[in-house]
Amino acid sequence: MTIAIIGTGYVGLVTGACFAEVGHTVTCVDADASKVALLQSGGIPIFEPGLEDLVRRNVAAGRLSFTPSTAEGIARSQVIFIAVPTPPLPDGAVDMSFIESVAREIASSLDSYRIIVDKSTVPVKTGEKVAETIKRYCRSGVAFDVVSNPEFLREGFAVEDLMKPDRVVIGVSSQRPVAAMKEIYAPFGAPIIVTDTNSAELIKHAANSFLALKISYANALAVICEAAGANVQEVTRGMGLDSRIGPRFLQAGLGFGGSCFPKDLSAFINISAQLGYEFRLLREVQQINADQMARFVKKIQDTLWVLKEKKIGILGLAFKQNTDDVRSSPAIDLCHRLLREGASLRVYDPQAMDKARAVLPEGSGTTYVMDMDAVAEGCDALVIATEWPQFTQLDLVRTRASMTTPILFDGRNLFDPVEMKRLGFIYQSVGR
Ligand code: NAD
């Protein structure tokens, strides 16, 4: 198939590269001309394991190309995927202006039948609005179909998730685009769910909200475990081995962040209210998440007493392991809270330091350190803020010796409390 992807970000670029890998011819479009130029010159704007090789191989094979022109992408393609941002507005609703503007651009370029596929995460009924908009602005009056095809990839594992999806959801309002959509996805060998557009859109919000709910559940359990002298990791392990529950997304920690869960949760609460249902359960999920961060900061304050002029090492800036994405990162939020209290920070992340500098500038209390084992030097405390597996390889003996006071706050439960005590740390984690 010939495919255009409009929006070449985390979702669009990985989707485009994976579609090309299975033999489709893909044109990735982006409004950001500097991003397109970087990609055209062989650069990759994001860190995602396996992506660079995939892009290079498919560009060389002539199956993947980049352009700033939506019209060019559409002219070359049978199927047009939309993968532009759907950021939150201050009231929690979704800013649909990117989708609406792409719909108008598509309308102005349509000269024969196309399938337009929404891959961005959107509120239910967006497909209907996109179809209305294209119809309204399309001068040629040609036929088209709008399909909902939500994306479930996890940043950090995006290539793996795209190549081996658990399922593919295809929401349609007519049967005409179904065969082409199945052809696109056939090489991935995943179960394909064909449903109506509204249900497909709801599947995405329902799934992300449920995953956020699991995390908040584990975090609420962590509070009880701390009060009761139990260990949340033991409790969630015991729960997770029940096949009806499963172990994933049951890790207590600093709470969820990133560009998806917080905004998708707000969007789902918002659209539910518009549809006449007050989704109080999900409001509580948000509240537990906010409380979790506040509780962790209080733990640091209670131990260090006064944060002003304290030097604190921070391991991890990305919103989770395996990514350079710092959008709505709990680690960055934590840094800002500590800076506001007058602490100074020495920070390190294996991949996210470049992106972090834009939201946590060097200077005014923040020093970027290039060596993980040197972060704690001269610090009054060290904080683990992201669950990068390499942090478990930290040279703990050197770390302890280099600190002013050997206090470690483990926001991701990476270390064993008994072992940390044996090594001479004052160690606090979450729910243990
Ligand atoms: P992103 O910000 O990384 O990428 C979006 C890209 O779209 C940017 O490069 C931007 O320049 C481009 N763009 C904006 N307007 C455009 C236009 N009019 N024409 C062409 N390009 C345009 O965003 P993302 O993380 O890839 O997310 C995209 C969508 O996918 C969102 O709705 C998001 O919720 C959803 N999603 C994201 C993930 C994830 O893990 N990041 C997972 C599943 C779904």
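Modeller: Helices (H or I, at least four residues) and strands (E, at least two) are DSSP runs, numbered from the N terminus. This is a predicted model, in which local features need pLDDT of at least 70 and side-chain atom pairs count only at pLDDT 80 or more, while totals for chains, interfaces and linings use all residues. Residues are numbered from 1 along each chain as its sequence is written, and side-chain values use heavy atoms, with hydrogens and water left out.

Colleague: What radius of gyration does the protein have?

Modeller: The protein has 16 helices and 14 strands, and its C-alpha atoms fill a box of roughly 70 × 50 × 40 Å along the principal axes. The radius of gyration is taken over C-alpha atoms, and the globule rule is 2.2 Å times the number of residues to the power 0.38. For 432 residues a compact globule would come near 22 Å, which agrees with the value of the protein, 23 Å.

Colleague: In which loop is lysine 125, whose phi is positive?

Modeller: Most residues other than glycine have a negative phi. Lysine 125, although not a glycine, has a positive phi of about 90°. With 37% relative accessibility, lysine 125 counts as partly exposed, a class that lies between buried (under 20% relative accessible area) and exposed (over 50%), computed with a 1.4 Å probe and protein chains only. The place of lysine 125 is the loop between strand E5 (114-118) and helix H6 (126-137).

Colleague: Is phenylalanine 249 buried, partly exposed or exposed?

Modeller: Phenylalanine 249 is found in the loop between helix H10 (232-240) and helix H11 (261-274), and its phi, near 65°, is positive in a residue other than glycine. Its relative accessibility is 25%, and therefore phenylalanine 249 counts as partly exposed.

Colleague: What arc around the axis do the buried residues of helix H8 cover?

Modeller: In H8 (residues 178-185), the buried residues are Val178, Ala180, Met181, Ile184 and Tyr185. The arc is that of the directions from the helix axis to the C-beta atoms. These residues are on the same side of H8, because the arc that they cover is only 165°.

Colleague: Which residues are in contact with leucine 110, leaving aside its neighbours within four places in sequence?

Modeller: Leucine 110 is found in the loop between helix H5 (97-109) and E5, and at 4% relative accessibility it counts as buried. Contact means heavy atoms within 4.5 Å. Leaving aside those neighbours, the contacts of leucine 110 are Ile74, Ile116, Ile134, Cys138, Ser140, Val142 and Phe144.
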